[in-house]
Amino acid sequence: MSGKRICLVVDDSAAIRRVIAGMFRDLRFEVFEAPTGVHAVEHCKVNAPDIVMLDWNMPVMDGITCLRELRAADLDKQPVVVMCTTESQISKIEQALSLGADEYIIKPFSRDVLLDKLAQLGLAGPE
């Protein structure tokens with residue numbers, strides 16, 4: 001293993017995955033992408049990342065169901081989970097945090113917002 005921090009970007013939009021993945025690659029993360037919550041849970045069972053950027057609204061398995069499954073899974077390590085979504089209602093934010101999300105970012109967001117969240121989570125700066 002390279003020793004790099006690992007990010008899993010989970011979003012049904014390939015364009016959104018590409019943008020977020022690019023931000024993390026610029027920060028020297030190794031990045032994997034998943035188009036659904038099902039893919040994300042399977043990926044985490046094999047190689048749990050340091051951080052999961054998780055969309056809420058996806059077909060097959062939405063982000064909240066994925067979050068529940070990740071938190072219930074017997075993983076080698078539990079990743080930091082950041083809900084990354086257009087859902088901006090306080091009730092949605094509270095729901096995600098109560099189910100185990102570590103942070104919440106409303107799309108669209110800037111690199112500065114991402115850096116601020118990573119700093120709060122202890123994931124900023126070089127490895």
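I began with Cys66, which is buried at 0% relative accessibility. Buried means under 20% relative accessible area, exposed over 50%, and partly exposed in between, with a 1.4 Å probe and protein chains only. The model is predicted, so local features need pLDDT of at least 70 and side-chain atom pairs 80 or more, while totals for chains, interfaces and linings use all residues. Residues are numbered from 1 along each chain as its sequence is written, and side-chain values use heavy atoms, without hydrogens or water.

**Cysteines.** I looked for disulfides, meaning pairs of cysteine sulfur atoms within 2.5 Å. The structure holds zero. For Cys66, the closest cysteine sulfur is in Cys44 at 6.9 Å, too far for a bond. For Cys7, the closest is in Cys84 at 9.4 Å, also too far. Cys7 is buried, with a relative accessible area of 0%.

**Helix 3.** Next I took helix 3, residues 63-72. Helices (H or I, at least four residues) and strands (E, at least two) are DSSP runs, numbered from the N terminus. Gly63, Ile64, Cys66, Leu67 and Leu70 are buried here. The arc is that of the directions from the helix axis to the C-beta atoms. Their cover includes helix 2 (37-46), strand 3 (51-54), strand 4 (80-85) and helix 4 (90-98). I counted contact as heavy atoms within 4.5 Å. Asp62 caps the N-terminal end of helix 3, with a side-chain oxygen 3.3 Å from the backbone nitrogen of Ile64.

**Asp11.** I then checked the loop between strand 1 (6-10) and helix 1 (14-26), where Asp11 is found. Asp11 is buried, with a relative accessible area of 3%. A polar atom of its side chain lies 2.9 Å from the backbone nitrogen of Ser13. Leaving aside neighbours within four places in sequence, Asp11 is in contact with residues including Arg17, Asp55 and Lys107.

**Helix 1.** Helix 1 has 13 residues and reaches 18 Å from first C-alpha to last, close to the 18 Å expected at 1.5 Å a residue. The expected span is 1.5 Å times one less than the number of residues. Arg17, Ile20, Ala21, Met23 and Phe24 are buried in helix 1. Down the axis, they fall within an arc of 155°, so they line one face. On the other side, Arg18, Val19 and Asp26 are exposed. Arg28 follows helix 1 and has a positive phi, near 70°.

Terms used. A polar contact is a pair of N or O atoms within 3.5 Å; within protein, one must be able to donate a hydrogen and the other to accept it, and residues adjacent in sequence count only if both atoms are side-chain atoms.
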